[in-house]
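Hi everyone, thanks for coming.

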Amino acid sequence: MNPVQRLLHTHCLRCLDSVFNTSLQHAVLHRRAVAHPLVAGFSHGQVMRSFHGSPGFTKAQSVRKDIDQYEDERKKKSLVTHDDLFEQAAKDSKTKATFNRVVDVFNKKDIRRRGHVEFIYAALKKMPEFGVERDIAVYNKLLDVFPKEVFVPRNFIQRMFNHYPRQQECGVQLLEQMESYGVLPNVETKVLLVQIFGEKSHPIRKYQRIMYWFPKFKHANPFPIPHNLPQDPVDLAKFSLTRIANDLDAEITVYQFPTTDISETGEEVSLPYVIGIQSPEQQSLLAKHNPSRPVFVEGPFPLWLRKTCVHYYVLRADPIPAEEKLEEQYDPELCGPGQSLFYPIWLDLDLERDLGDDDSFDVDDVTEGAIYAMCMTDQGDQVTLGKWISGLQESNPVLGRIPTLFRLESGTRELQTNTEACEGPESTPEPEPEPELETEVEHREEEHRHSERVQQ
Amino acid sequence: MNLNRLLLISKSVKLGSRLLTSRTGQTGKDLAAQLQVQRSIKTSSRNLAYAKDLFLGKVNKAEVFPYPEISNEELEEIKQLVSPVEKFFDEHVDSKKIDEEATIPPETMNGLKELGLFGIQVPEEYGGLGLSNTMYARLGEITSLDGSIAVTLAAHQAIGLKGILIAGTEEQKAKYLPKLATGEHVAAFCLTEPGSGSDAASIQTRATLTEDGKHFLINGSKIWISNGGWADIMTVFARTEVVDKDGQKKDKITAFIVERAFGGISSGKPEDKLGIRGSNTCEVTFEDTKVPVENVIGEVGGGFKVAMNILNGGRFTMGSAGAGMIKKLIELTADYAATRKQFNKRLSEFGMIQEKFAVMAQNAFVMESLSYLTAGMMDRPGLPDCSLEAAIVKVFSSEGGWVCVSEALQILGGLGYTKNYPYERYLRDCRILLIFEGTNEILRMFIALTGMQYAGKILTGKIKEMKKGNIGVVFEILGKKLKDNMVKTVDLGLTGKDGVVHPSLTDSAKMFEQNVVHFGSTVEGLLYRYGKSIVDEQLVLKRVADVLINLYAMTAVLSRTSRSIGIGLRNHDHEVLLTNTFCKEAYFKNNYLMAQLQKNSPESNDANIKKIAQEVLEKRAYICSHPLDRTF
């Protein structure tokens with residue numbers, strides 16, 4: 001039965017309950033009881049409060065075995081926390097399958113589901129460990145641990161007071177965890193919640209709130225990052241560069257593919273990847289750059305993509321001093337009023353825009369130097385970046401005449417370890433780089449400039 | 001031949017005397033004398049500014065009333081010319097074949113040449129027909145029946161040889177015009193370049209003086225040159241280095257007459273076009289083309305003015321061309337509508353079909369009125385600047401033509417969509433009218449900005465006083481506004497005792513006057529609000545241009561119909577009907593447009609329009625989610 005049908009079915013049943021007498025109920029419920037042999041064996045008087053197993057139950061042999069095992073252990077150790085159950089399972093492997101098996105074990109162990117609240121709390125805590133924190137099916141399976149219809153208030157007094165508060169809290173907690181991981185409940189979740197807590201319970205309210213806000217915020221970020229970033233560093237670099245540039249015209253160039261070679265001496269030589277991005281507009285800006293002023297290769301700058309940190313380098317110039325700024329002017333004789341072939345692009349009037357119609361904001365603009373290109377590489381040394389610059393020269397011949405200075409921060413290594421730090425919480429950031437490194441870079445910079453001149 | 005000039009002079013005298021005689025009945029001698037004085041002043045240094053004056057809320061009625069007319073001799077002459085041309089187009093022009101084969105057959109071309117259609121405006125002393133603008137417009141009505149031929153002829157004489165005609169020396173004229181007039185040589189106009197479409201100022205083609213100073217070497221390429229493939233004489237615009245007054249070297253544009261025989265000229269493959277397929281459009285490349293210095297049109301560095309005058313003057317013919325086309329379409333479709341039956345009723349009995357015919361008739365009527373009014377203005381003695389009026393004619397008639405052809409096609413329904421009928425060809429052909437000789441967008445900018453510049457010059461002082469908060473000026477303006485609001489009637493003297501509009505058009509004339517006054521104050525308000533930064537307010541300028549186009553069209557129909565009633569032309573009651581209908585429609589359109597132009601007007605959607613476009617263009621795509629998309 002699909003979830004919606006089931007929901008309807010439950011609704012129907014309830015209507016019937018309130019209207020008809022027991023005979024009909026008996027008949028119907030009998031059928032259901034037969035359908036689920038696991039939950040058979042309760043007296044007719046308790047029908048309304050019966051446990052209903054979900055059809056999702058598996059009856060694999062392994063489960064039976066696990067249950068036995070668990071029972072055995074329980075006999076040995078009367079006080080077993082549910083964390084232990086997961087830790088035991090985690091011994092083999094931490095996957096969705098093992099997680100599900102643990103849940104199954106718990107379900108099979110006790111028909112009354114004793115201690116299910118504690119179990120669910122424990123399971124929620126362990127979910128990220130098993131890598132199932134974003135899996136809606138697992139959440140539904142956890143919800144399924146709750147016994148059905150037991151906690152549904154049956155009269156207005158129950159409804160008025162917080163009926164089975166611990167269970168409801170637990171349900172809300174589960175939904176909250178879903179929320180914080182950005183998992184959107186589905187119809188099955190709703191069906192389960194209705195079956196467990198009834199139509200007007202706190203978990204259902206929570207569910208409704210989630211369903212109200214989640215879709216609204218789903219596309220709130222105009223620059224969404226996919227959950228699964230590209231694994232290949234080249235693809236990742238391409239993705240990151242297009243993301244920073246945010247220019248549809250910008251073109252990605254792979255200046256060097258990552259390769260690993262064995263040199264003659266038997267050493268392994270790996271070439272880092274160098275990937276750059278440049279838009280036609282940047283090219284034309286660079287072409288206009290005054291060759292007597294240097295351009296700078298700067299970096300690395302961090303870019304965070306969810307939990308990953310990548311680094312990029314920019315080729316930029318200092319802001320153009322005011323006296324050198326050349327405004328491109330149309331020939332006023334060709335475009336003025338009464339002079340133009342088609343229409344004038346300026347009017348010869350001594351009238352300014354009225355203040356009331358001046359909608360522009362007063363913004364203090366800080367002029368910055370133009371950024372001519374960006375690149376990413378996994379090895380931010382000068383040699384590698386030099387390859388980028390020489391690659392750029394092919395499309396920007398002017399670069400051959402402009403002195404290029406490398407202003408690299410030696411922080412690369414530190415930041416790279418930081419990347420690890422963010423992934424593994426245990427590692428600590430490395431200490432500040434030593435000052436000698438800076439001078440070294442400067443020294444190399446001098447060398448590079450020298451070589452540049454020689455090239456010219 | 002000088003007869004033509006004589007005619008012109010005699011016509012102008014007649015105009016003056018007509019003014020006198022037509023007034024004397026109603027107005028008495030004082031006014032007649034006054035008018036005469038006015039006219040004599042105008043003719044001494046004529047500064048024609050009818051459309052421009054509308055920006056100030058003034059109706060310079062002497063310029064447009066009475067409607068210009070030609071003498072009986074000229075009428076006879078044109079009638080004699082028109083009938084063979086009409087016959088030729090009926091019998092010897094197979095438009096369908098021209099369209100399919102994408103070329104005009106040589107025998108058709110020869111026929112056109114024999115009729116003298118290649119030298120309509122070339123003076124008779126150089127072997128042309130030497131017709132006035134008005135008569136040229138009349139012939140345009142017929143030549144427009146085939147789009148390809150019309151464009152070929154227009155490229156030849158409206159722009160191609162016009163440079164020689166208006167700015168050439170006697171030697172140049174004597175050397176080139178005779179052969180061009182007979183069609184032995186075909187002319188082309190080479191201005192547009194790959195890097196400069198409508199922005200003609202960024203021309204890259206260069207002409208360098210050779211060392212002996214006797215020749216220019218032209219290098220560069222021009223695109224979308226009509227007749228580029230078969231033209232023998234070209235008017236080419238190129239940059240030349242000119243030493244200006246301060247002794248500085250500057251690049252200026254110079255116009256040259258270039259013969260294909262000079263060498264170094266190559267034409268590209270003809271473009272495969274949507275419409276006007278029989279005309280030849282291609283790229284022309286100049287490679288060290290050696291042009292003698294004598295072939296400079298005007299002076300070196302003065303090419304810009306030449307280009308401007310050619311372009312601005314050539315546009316008015318599009319009005320009569322459009323009208324000619326629509327008149328033909330009305331005949332074709334009316335036949336169909338009157339015979340075809342649906343639901344046991346003729347098509348012509350359905351209201352929606354009737355409306356289409358009304359639209360077509362009205363558009364043809366307005367276009368005719370506009371183009372002959374403008375042609376008449378241009379034919380007056382002196383050097384009238386009718387660029388604004390000509391641009392209005394072009395915009396109105398190209399858009400009206402497009403609507404009408406589409407409606408005509410619609411009347412036939414599916415049949416119109418097939419190649420069995422000429423409608424789809426007309427539709428394709430007339431689409432170019434919205435694009436060439438300055439796209440309509442650019443012409444709207446031209447219309448609005450030229451007027452704004454004119455009005456701005458005059459109003460600057462007043463607006464500045466207002467901004468300073470000069471109590472006197474402010475009160476004067478407030479008082480005027482109050483008066484305008486209180487007294488709804490506006491009187492610019494078109495109707496009434498000394499009116500120029502026939503009494504049966506009083507209502508329309510009143511509407512027109514109200515619009516004009518309102519327009520004047522709107523323009524003033526816009527100048528107050530935007531000042532010179534109005535060049536960047538394209539949506540505002542578009543409306544300003546639209547209002548002006550409507551106003552000028554209203555003037556044209558009022559003037560034309562007043563004359564028709566006055567001299568009792570056939571079916572002038574129909575003209576009255578058309579005029580009143582058009583004026584009413586235009587009046588409400590104008591009111592709406594001007595309401596949109598007010599500050600913070602709820603009718604104006606400009607901010608939203610800009611934002612929509614920005615958001616779409618930022619992503620360069622349609623950005624809405626698909627209606628079937630879901631979020632959960």
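Before the first pair, one definition: a salt bridge here is a side-chain nitrogen of Lys or Arg within 4 Å of a carboxyl oxygen of Asp or Glu. Please keep in mind that this is a predicted model.

With that in hand, look at Arg277(B) and Asp272(B). They form a salt bridge, and their closest N and O atoms are 2.9 Å apart. Asp272(B) counts as exposed, with 65% relative accessibility.

How many salt bridges does the rule give over all chains? The count comes to 41. I'll pick out a few.

Over in chain A, Lys126(A) pairs with Glu129(A) in a salt bridge, with 3.6 Å between the closest N and O atoms. Both sit in helix H6 of chain A, which covers residues 116–130, and because they are 3 residues apart there, about one helical turn separates them. Now, is Lys126(A) buried or exposed? Lys126(A) is buried, at a relative accessible area of 8%.

The next pair may interest anyone who thinks about chain contacts. Glu537(B) makes a salt bridge with Arg353(A), and here the closest N and O atoms are 2.7 Å apart. Where do these residues lie? Glu537(B) is in the loop between helix H19 (506–530) and H20 of chain B, while Arg353(A) is in the loop between helix H14 (332–335) and strand E7 (371–377) of chain A, so this pair joins two chains. Glu537(B) has 12% relative accessibility and counts as buried, whereas Arg353(A), at 26%, counts as partly exposed.

Chain B also has a salt-bridge network, linking Arg138(B), Glu141(B), Lys327(B), Glu368(B), Arg560(B) and Glu575(B).

Let me finish with helix packing in chain B. The axes of helix H17 (residues 440–468) and helix H20 (residues 538–567) of chain B come within 8 Å and cross at roughly 85°. Angles from 65 to 115 degrees count as roughly perpendicular, and H17(B) and H20(B) are therefore roughly perpendicular to each other. Which residues make the contact? On the H17(B) side they include Met445(B), Ile447(B) and Leu449(B), and on the H20(B) side Leu541(B), Val544(B) and Ile549(B) are among them. By class, this contact of H17(B) with H20(B) has 10 nonpolar, 1 polar and 3 charged residues. Arg444(B), Lys542(B) and Asp546(B) also take part in the contact.

That's my tour, and I'm happy to take questions.

Conventions. Residues numbered from 1 in each chain as written. Chains lettered and ligands numbered in written order. Predicted model: local features only at pLDDT ≥ 70, side-chain atom pairs only at ≥ 80, totals over all residues. Heavy atoms only, no water. Axes fitted to C-alpha atoms, helices over the stretch in contact; angles between N-to-C directions. Helix = DSSP H or I, 4+ residues; strand = E, 2+ residues; numbered from the N terminus. Parallel < 35°, antiparallel > 145°, perpendicular 65-115°, else oblique. Contact = heavy atoms within 4.5 Å. Nonpolar A, V, L, I, M, F, W, Y, C, P; charged D, E, K, R; others polar. Buried < 20%, exposed > 50% of the residue type's maximum accessible area, 1.4 Å probe, protein only.
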